[in-house]
Structure formats: C-alpha cells, structure tokens
Amino acid sequence: MKLDLLAIGVHPDDVELSCSGTILNEIKRGRKAGILDLTQGELGTRGTIETRYAEAAKAAEIMGVQVRANLKMRDGFFKNDEEHQLQLIRAIRTWQPEVVLANALEDRHPDHGRAGQLIATACFLSGLAKIETKDENGNPQQRWRPKYILHYLQDWYHEPDLLIDISDVFEQRMEAVKAYSTQFFNKENGGDGPQTYISTPDFLDSVIGRARMMGKRIGVKYAEGFICEKKIGIRNLDALLQVET
C-alpha cells in the first residue's frame, strides 16, 4: 500500500503526543496515512509489551490510519547503523510515503534524537538505487525517497519551521493520546502504579499547553510544530493561513 504520509516514532505514543493532529487533518482530506513504531517500548516503567500493542491499536483506530506496524528494534539500544538503516529502508520502500513525520533530532530522551537521525539517514539512503533490498516476498524493491521529512517537537522546545493548525481535530487527537491508559494519568487508573515523568496530570496539561502556545503563534486555538532541514516550498498563497495576528 502506498501512503501519502508515514509517521515514525521510536516508542508507541510518540506519534500520538506529537503529530497525531496533523495525521488526522490529512486523513480528513482523503490522504492515506500510516504509523511505524521502531520499538515496542519495552523499557517503559509502566505497562507491558502486550498493553502497549493494545493501546497502539486503539489509538490507530481512533485516528483511522490505514496501517500501523512495529519494527521491534531494541528499546534503548538500537543504533543508527547499517542493520537498522536497512530495516527502515525496507519499510520506507514498502509504503513509499511522500512525507515522513519523524522524531525530534535532539530531545530529553536519548532514543528520540537517535531515532530522528536514524530516520533522516534511512530516508536519504532509501533513494539510492545501488542499495538493494527485498520485500517480505523476496522481490527486489525500487528506490524511494520521501519528498519531506518533518521532525515533530517532543519534550524540549525547539523553534519550529512549520506550524500546522489542528484546532478542528484537537479533541480527537487527545482521545488518541489517552488511549495509552497505562502511560498517562486518567480517572480510571487514578494514577495507579509507579509514577513517571509522563504519568502525572501535569504532563497532559503541558501537552495541551504546548498546542495552545503553538496555535497562538499563528492565530488559531491549537497547532503542532515541526522542524525541517530542507526549505519548505508552497505552490501558491492559498496554503497560507489568512488569520490576522
């Protein structure tokens, strides 16, 4: 299946927390979108591999993505090396996304920055015809390079190159985030289990606050921010938000 948009996150819930509003926007426009998790998040303090898969599936259903897969790299110990690059190149060539949404290039969690670099490297190498890969049926894959890689913002603040209005889908976005009931605070679990950086009510408040702050920058209620190492081009001024700020 060819996708218009592929969101890649090193941990299940990275995508939901950072760019699920943009995914929802694109799906509502009739675009095909998918999510690729690099690891199973097995080193997380709360939950299990099984609960993470169940929560990821629930979030994917809420968003309406066409596909969600997991490469089962080792949480905390994967590397930006040839083995992992080839693994990711096969996935990119399988779905041939026009745009990839990727982890931040630098962040509080070292997995985020390492994943961001791995994704950027793999997207470039995927466009080289002399790197040979085969699909799951053993057939040679064609080269494919996404047109844009947009790195979403995670814990640390970085000045975004692009802000996308997600006001119309924000409630659905937060529903997808809250699908991870073992990871984030909710009334049902009452904060049960060991407390972590992301399990307090304050963390979810900060997620909402970040979206409000980004929205204020462009004159809307909620927005998501992205960094792009490539210059972003538009075909006409209709793509600009016509909002007085």
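This is a predicted model: local features need pLDDT of at least 70, side-chain atom pairs count only at pLDDT 80 or more; totals for chains, interfaces and linings use all residues.
View 1. Within S4, Val 100 stands opposite Leu 6. Strand S5 (residues 148–152) also runs parallel to S4, and four bridges join the two. Ile 149 in S5 is the bridge partner of Val 100. Between S4 and S5 the chain passes through helix H4 (residues 110–125), forming a right-handed β-α-β crossover.

**View 2. Stacked pair of Phe 184 and Phe 203.** Three aromatic pairs are counted in the model. In one of them, the rings of Phe 184 and Phe 203 are stacked, with 5.9 Å centre to centre and 10° between the planes. Phe 184 belongs to the loop between helix H5 (170–178) and helix H6 (201–218), whereas Phe 203 lies in helix H6, so the contact ties together parts that are 19 residues apart in sequence. Phe 184 counts as buried because its relative accessibility is 2%, below the 20% cut-off. Phe 203 has a relative accessible area of 14% and is therefore buried by the same cut-off. Ring pairs link Phe 184, Phe 203 and Tyr 197 into a cluster.

**View 3. Arg 114 over the ring of Phe 78.** Arg 114 lies over the face of Phe 78, at a distance of 4.3 Å from the ring centre.

**View 4. Lys 230 over the ring of Tyr 148.** The charged end of Lys 230 is placed over the ring of Tyr 148, at 4.4 Å from the centre of that ring.

Terms used. Residues are numbered from 1 along each chain as its sequence is written. Side-chain values use heavy atoms; hydrogens and water are left out. Rings of Phe, Tyr and Trp (its six-membered ring) pair if their centres lie within 6.5 Å; planes under 30 degrees apart count as stacked, over 60 as edge-to-face and the rest as tilted. Buried means under 20% relative accessible area, exposed over 50%, partly exposed in between (1.4 Å probe, protein chains only). A charge sits over a ring if NZ of Lys or CZ of Arg is within 6 Å of the ring centre and within 35 degrees of the ring normal. Two strands pair if DSSP finds at least two bridges between them. A crossover is right-handed if, with the strands pointing away from the viewer, the path from the first strand over the helix to the second runs clockwise.
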